[in-house]
Structures are given as structure tokens and as C-alpha cells.
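Work through the exercises below with the sequence and the model open. Each task is followed by a solution in steps.

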Amino acid sequence: MKKNIKKIVSVCVASSMLLSLAGCADKAPEMVADQADSFVSAVTGMNAKKIKGACSEDLDDDDAEIIDNYCGYASNDDINYDSYVVMAAVADTLSAEIDEDSIEASTKKGEGSADVVFTIA
């Protein structure tokens, strides 16, 4: 009887240890892949707000202006309607592929990266 109780207790302890280890699985690569997918959608959809939101905090004013110009939200005469139409036509032909093998992520550092290849059809 004591042997059976010891076996049952040891099986319970071992299974609880396995379950606790499985609960600590790193979700960071999935989060990076989701963020990369959101970025791809923002670029192909010419959504300046989402593109700038997905960029790092180091985005300076010149880069933000380039993104706005690309998306047709120019605050100056650097871009005109014809240029916007051309960029929109190019954006319509864009396709992208996220290289799943290149994803690097760390929940401890709160950082991640992924390689994305854009192709113009």
C-alpha cells in the first residue's frame, strides 16, 4: 500500500513539474511574427500611422516625413497627386514573405527581429 502511495505521489510531482515547464514556453517568436505581419499589411496598405507605429522608437522626423510622403500625406509640395497614384499602383503589386527561420526574439529583453522580403510584381 505504501509503495502505491509513493508511486502515485511521485507521478503527481513529476507531472506537475512537466506542466510547469511547459507553461513557461516562450511566446516571443509568435509575437514578432505577428508584428512583422502587421507591418507588412501596413506597408502594402500604405497606412502611414501603422507603419510609424510599428517602427522603432528611433524614428526621426525626416523618416516620418518620408513615410507620410509614401502614403500620400505630404505636408509640402514634394509629392503631387500623380506621384501618389504611381506609388499606390506600386503598393498594389507588392507582396511580402516573412522568413520564419530568421525570427529572433527575447521576452526578457523585449526585443525581436525578422527578415521580410518585399517583391514588386
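Two residues are in contact when they have heavy atoms within 4.5 Å of each other. The model is predicted: local features need pLDDT of at least 70, side-chain atom pairs count only at pLDDT 80 or more, and totals for chains, interfaces and linings use all residues. Residues are numbered from 1 along each chain as its sequence is written, and side-chain values use heavy atoms, with hydrogens and water left out.

**Exercise 1. The chain as a whole**

Task: State which pattern the chain follows along the sequence, and what percentage of its residues is buried.

Solution. Step 1: take helices (H or I, at least four residues) and strands (E, at least two) as DSSP runs, numbered from the N terminus. The chain has 5 helices and 2 strands, in the order α-α-α-α-α-β-β.
Step 1: apply the burial classes, where buried means under 20% relative accessible area, exposed over 50%, and partly exposed in between (1.4 Å probe, protein chains only). Of the 121 residues, 18% are buried.
Step 2: look at the contacts with a separation of 6 or more; residues 24 or more positions apart account for 48% of them.

**Exercise 2. Tyr70 and helix 4**

Task: Find which residues of helix 4 are buried, and which residues Tyr70 contacts beyond four places in sequence.

Solution. Step 1: helix 4 spans residues 61–70, and its buried residues are Ala64, Ile67, Asp68 and Asn69.
Step 1: the cover over these buried residues includes helix 3 and helix 5.
Step 2: Tyr70 also lies in helix 4, but it counts as partly exposed, because its relative accessibility is 23%.
Step 3: leaving aside neighbours within four places, Tyr70 is in contact with Val43, Met46, Ile51, Met87, Ala91 and Leu94.

**Exercise 3. Met46**

Task: Decide whether Met46 is buried or exposed, and say what its phi is.

Solution. Step 1: Met46 lies in the loop between helix 2 and helix 3 (48–54).
Step 1: Met46 counts as buried, because its relative accessibility is 8%.
Step 2: the phi of Met46 is positive, about 55°, although the residue is not a glycine. Most residues other than glycine have a negative phi.

**Exercise 4. Ile120**

Step 1: Ile120 counts as exposed, because its relative accessibility is 56%.
Step 2: From Ile120 to Ala96, 24 residues away in sequence, the C-alpha distance is 8.8 Å.

**Exercise 5. The largest pocket**

Task: Determine which element gives the largest share of the lining of the largest pocket.

Step 1: the largest pocket is lined by 18 residues, and Val32, Gln35, Ala36, Gly112 and Ser113 lie nearest its centre.
Step 2: helix 2 (28–44), strand 1 (94–106) and strand 2 (111–120) each give two or more residues to this lining. Helix 2 has the largest share, 6 residues.

Notes. 1 Å grid on protein atoms, 1.4 Å probe; cavity = no way out; pocket = protein on both sides within 12 Å on 5 of 7 lines; lining within 4 Å.
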